[in-house]
Amino acid sequence: MTLPESDKQPVRLRVNGESIERVIPADRTLLLFLRDDLGMTGTKCGCEIGECGACTVLLDGNPVCSCLVLVVAVDGADVLTVESLADGDNLTDLQEAFLDHDAVHCGFCTPGLLMSAEFLLQRNPEPTELEIRTAISGNLCRCTGYVQIVEAIQDAAARRRAKAP
Ligand code: FES
Ligand code: FES
């Protein structure tokens with residue numbers, strides 16, 4: 001169903017550091033705004049009911065399921081997606097660790113996991129296994145069984161600590 005023009009609203013967001021202004025339907029979710037309106041398809045669309053975590057992004061610094069967020073409700077917010085992590089072909093240490101530990105199989109869960117893990121590591125440079133498992137408990141992976149994912153996050157934390165001044 002197409003909403004009438006009167007049901008559209010102007011919004012302004014900061015996405016991966018870039019200021020974005022659009023007029024959008026009031027019922028547009030952040031997930032579909034990112035993927036369909038902005039063409040940022042790194043954030044994945046799984047269940048669209050807040051169960052799988054594939055759509056996880058950082059909203060004003062906190063991980064959220066973007067499928068549950070209406071853009072008009074977060075007008076003015078700062079959004080970071082998985083596209084914010086790598087600098088061109090230069091992957092972050094977290095992304096490198098996922099590759100090194102074979103923590104990416106089909107990869108559908110990976111963008112959401114990376115954002116949840118990034119949030120954890122920014123606040124807790126030396127997380128325990130339990131803290132890692134808790135931090136990614138909202139991100140479902142049906143391929144790897146989580147062992148490699150947890151090892152990758154532990155390794156990324158160690159790499160960051162080794163680099164810290
Ligand atoms: S697509 Fe948002 S939680 Fe599954
Ligand atoms: S790697 Fe396939 S769902 Fe996680």
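These are my notebook entries on one protein chain, taken from a predicted model.

**Entry 1. Overall layout**

I began with the secondary structure and counted five helices and five strands in the protein chain. Read from the N terminus, the elements follow the order β-β-α-β-β-β-α-α-α-α. I then looked up the radius of gyration, which is 17 Å; the globule rule gives 15 Å for 165 residues, and the two values are close, so the chain is as compact as a globular protein of that length. Along the principal axes, the C-alpha atoms occupy a box of roughly 55 × 35 × 25 Å.

I next looked up burial over the whole chain: 36% of the 165 residues count as buried. For contacts between residues at least 6 apart in sequence, I noted that 56% join residues at least 24 apart.

**Entry 2. Helix α1 and what follows it**

Which residues of helix α1 are buried? In this helix, residues 30-37, I listed L30, L31, L32, F33 and L34 as the buried ones. The cover over these buried residues includes strand β2, residues 18-25. Just after α1, I found G39 with a positive phi of about 70°.

**Entry 3. Helices α2 and α3**

I turned to the packing of helix α2, residues 93-100, against helix α3, residues 110-123. Their axes are 10 Å apart and the angle is about 125°. Angles of 65 to 115 degrees count as roughly perpendicular and those over 145 as roughly antiparallel, and α2 and α3 are therefore oblique to each other. I recorded their crossing as right-handed.

On the α2 side the contact is formed by L94, Q95 and F98, and on the α3 side by T110, L114, A117, E118 and L121. By class, I recorded five nonpolar, two polar and one charged residues in this contact.

**Entry 4. Helices α3 and α5**

I then followed α3 to helix α5, residues 147-163. The packing angle is about 40° and the axes lie 11 Å apart. The limit for roughly parallel is under 35 degrees, and α3 and α5 are therefore classed as oblique to each other. Here too I noted the handedness, and α3 crosses α5 in a right-handed sense.

The residues that make the contact are L113, A117 and L121 from α3, with I149, I153, A156, A157 and R160 from α5. I sorted them into seven nonpolar, no polar and one charged.

**Entry 5. Helices α2 and α5**

How far apart are the axes of α2 and α5, and at what angle do they pack? I found an axis separation of 8 Å and an angle of about 135°. These helices are therefore oblique to each other. Their crossing is right-handed.

From α2, the residues in this contact are D93, L94, A97 and F98; they meet A152, D155, A156, R159 and R160 of α5. I counted five nonpolar, no polar and four charged residues in the contact.

E48 has a positive phi of about 60° and sits in the loop between α1 and β3, residues 56-59. Is E48 buried, exposed or partly exposed? It has 16 C-beta neighbours inside 10 Å and therefore counts as partly exposed.

D60 has a positive phi of about 50°. I located D60 in the loop between β3 and β4, the latter spanning residues 62-65. D60 counts as exposed, because 12 C-beta neighbours lie inside 10 Å.

**Entry 6. Surroundings of C55**

C55 counts as buried because it has 28 C-beta neighbours inside 10 Å; the threshold for burial is 20 or more.

What does C55 touch, leaving aside residues up to four places away in sequence? I listed L31, T43, K44, C45, G46, C65, S66, C67 and G112. Among these, L31 is one of the buried residues of α1. I also looked up the separation of C55 from N90: the two are 35 residues apart in sequence and 23 Å apart in space, C-alpha to C-alpha.

Note on methods
Residues are numbered from 1 along each chain as its sequence is written. Chains are lettered from A and ligands numbered from 1 in the order in which they are written. This is a predicted model: local features need pLDDT of at least 70, side-chain atom pairs count only at pLDDT 80 or more; totals for chains, interfaces and linings use all residues. Helices (H or I, at least four residues) and strands (E, at least two) are DSSP runs, numbered from the N terminus. The radius of gyration is taken over C-alpha atoms; the globule rule is 2.2 Å times the number of residues to the power 0.38. Two residues are in contact if their C-beta atoms, placed from the backbone, lie within 7 Å. Axes are lines fitted to C-alpha atoms, for helices over the stretch in contact, and angles run from 0 to 180 degrees between N-to-C directions. A crossing is left-handed if the near helix is turned anticlockwise from the far one by less than a right angle, and right-handed if clockwise. Ala, Val, Leu, Ile, Met, Phe, Trp, Tyr, Cys and Pro count as nonpolar, Asp, Glu, Lys and Arg as charged, and the others, Gly among them, as polar.
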